[in-house]
Amino acid sequence: MTVAAGFLDFTFWGLRQSIVYAGVGHLQVLPIDDDTDGNRARGPAAHDRLGSDVTDAVRAVLDAQPAVEAVAPRLEFQGLVSAGPRTLAFAGIGVDPAPESHLRSLVLLTAGEWFTGAERMPHALVGSGLARRLGVQPRDVVSLITYSDRGRMTAADVQVGGIFESGVVEYDVRTVLVPLPTARDLTEASGASGIAVALRDPAASNDVIRALRRRLADTPTAARVARWDELSPVYASIVRLYQWILRTFVAIVTVVVVLGVANTMSMAVFERVAEVGVLRALGFGPGRIVTVFLLEAATIGLAGSAVGVASGIAACLAISALGIEMPPPPGHTHGYVAAVHVVPRAIVIAAVIAVGAAILAALGPSLRSIRGEVSDALRAT
Amino acid sequence: MSAIVALDLRKQFTVAGRTIHAVRGVSFALAPGALCAIVGPSGSGKSTLLTLLGGLDVPTAGEVWIGTANVGRMSAGRRTRFRAANVGFVFQAHNLVPVLTAAENVALPLALLPLSARERARRVGALLDDLGLHELAHHRPGELSGGQQQRVGLARALVTAPAIVLADEPTAHLDSRTARDVVDVMRAMNRRRATTIVLATHDPAVDAVADEQIALCDGVVARRDERRREPWASSSSDSPSATSSVTRGVASLPLPPSHWPSYS
């Protein structure tokens, strides 16, 4: 159980990291169409853009927060990308290269390089699936065509600076990253469609969110602040599913432990029927005798849990040292090397279950030991 | 007042659909301080009678009185408490707890009494010394001879200073010399402390030191021989050997309760 819980904990941790550092960040500031009271949002461009009043306010708040590691404004747009005879739909994201590289630290560049800031013509990073479908390589030039926020068709030629794999197939077949100025030229927008924030200490996220909400309450443009798990509801679903599986596993293990200890205790009681008879003859009441057996079971449970926990911790460390090659998760292109965390809470629960199951298992046999007359027990000598 | 009274005592068992009448209408009374031997062939009902007298089982019919307490009418819980306070048992097969040392076995019944750890240790130590078991206090039953084990069993029966001791074939597994030692201790205890002792036995040597003899046959009293000794009067013929190490210390045992329990 220690190992199973440790493996799941690693899986959840890995999933959180992959969500946060594949671009979501620990929290995001996003535009909203309606505020919490159901009224129309404030400001003319509130439908899908954060105004400069919001971006400035967010900057001011986050600059004062020591827990903040990176602030990455983004400008999203859609359009068509052409490379030679091929033209495909794409989802573009204008990014600030420096903070964005931190927020996308788990994104893998399979060819080319990240934005250097020294490019002579605008560069773009193209998702691996899209690059494959377009048949482009780094240094190839593609044309991006979109409609600006003002409703005009705009276009830009950009050089493919690199090809990336986020690990999520659907994302990689449609995404193009461009520097924020290029996106602003294409969209003719000055604000951002969202601001992603990475924190040095994820535990500080609630404090940062509170500070942002207080400040954003005064801005003319309505905006909301969402934590990473609100932005990826699939995480909560996966955690619920795996926790249910773990609980089922624990229930099965508990039943096995109860049956095993019950068998052991039944044998122990059977072998000591005469001994129990003597104790009863000497004046030991049923409660005391049952207590003795339950204490014995608790001792067995404690010893078993101590051995189990020690073995479990050793197994966790050994497995983590060796690593487990995992296949790619559904919808992903890369496998990963899994480890097993040592989870103190799981260790305590395992120990409590072991002792509790042992006591529970001993209850039946110990109650059977005090049935009948003392003389019957003594005859078993 | 009698120490033990059995009134038309009956006990029957059903084994594999067959009813066995182990005790069939036994009646007798024993004076306080009596040493009574229950004799009879195997299957005559001796052990069953002892279990009824000691409240280890309830009679099918009839009554068992110990002092003013009707043992057969008590609930299981009250019988348990009554045994702890008033009755000591010596078993044929010693029945020591194998994982406990001799001293721990002797101390077992004291766990039920409100005594300090020091007082418990004092009582156990004194009794082990008296019975010549001091050197063996930390030995487990498996490391003791049959005689030594029975002496430990005897010490366990005596350590709470019970008013009544019931012994089921206490010398059955012992050689004659060891058996004599054990009998001497019981006799001395009976003399010195007026403890009423009832023992079931096949051993003529044990039977010979008893004040009274009740012979059972097929669950009924076939013969009763009251030798009419004053229970705790000393006599040169049946007093313990002056040189017996296991009898010298009996005088140091705590005395039994001065009044019989008044359970009803």
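1. Two residues count as in contact if their C-beta atoms, placed from the backbone, lie within 7 Å. By that rule, the contact between the chains takes 14 residues from chain A and 15 residues from chain B. On the side of chain A that touches chain B, α10 (273–282) and α13 (374–378) each supply at least two residues. α10(A) gives the most, with 6 residues. That side of chain A divides into 7 nonpolar, 4 polar and 3 charged residues (nonpolar: Ala, Val, Leu, Ile, Met, Phe, Trp, Tyr, Cys and Pro; charged: Asp, Glu, Lys and Arg; polar: the others, Gly among them).

2. A word on the model. This is a predicted model, in which local features need pLDDT of at least 70 and side-chain atom pairs count only at pLDDT 80 or more, while totals for chains, interfaces and linings use all residues. Residues are numbered from 1 along each chain as its sequence is written, and chains are lettered from A and ligands numbered from 1 in the order in which they are written. Helices (H or I, at least four residues) and strands (E, at least two) are DSSP runs, numbered from the N terminus.

3. Chain B holds an open sheet of 6 strands in the order β6-β7-β8-β3-β9-β10, with mixed pairing (two strands pair if DSSP finds at least two bridges between them). The edge strands are β6 (87–90) and β10 (220–226) of chain B, and each pairs on one side only. Neighbouring strands are turned by 15° against each other on average, direction ignored.

4. Within the sheet, β7 (164–168) and β8 (196–200) of chain B run parallel, joined by 5 bridges. Ile164(B) stands opposite Thr196(B) in β8(B). Helix α1 (46–53) of chain B lies across β3 (35–39), β7, β8 and β9 (212–217) of chain B. It runs at about 150° to β8(B) (axes are lines fitted to C-alpha atoms, for helices over the stretch in contact; angles run from 0 to 180 degrees between N-to-C directions).

5. Now look at α4(B). Arg123(B), Val124(B), Leu127(B), Leu128(B) and Asp130(B) are buried (20 or more other C-beta atoms within 10 Å of a residue's own; exposed means 12 or fewer, and partly exposed lies in between). They cover an arc of only 165° around the axis, which puts them on the same side of α4(B); the arc is that of the directions from the helix axis to the C-beta atoms. On the other side, Ala117(B), Arg118(B) and Arg122(B) are exposed. The buried residues of α4(B) pack against α3 (102–107) and α5 (146–158) of chain B.

6. Just after α4(B), Gly132(B) takes a positive phi of about 70°.
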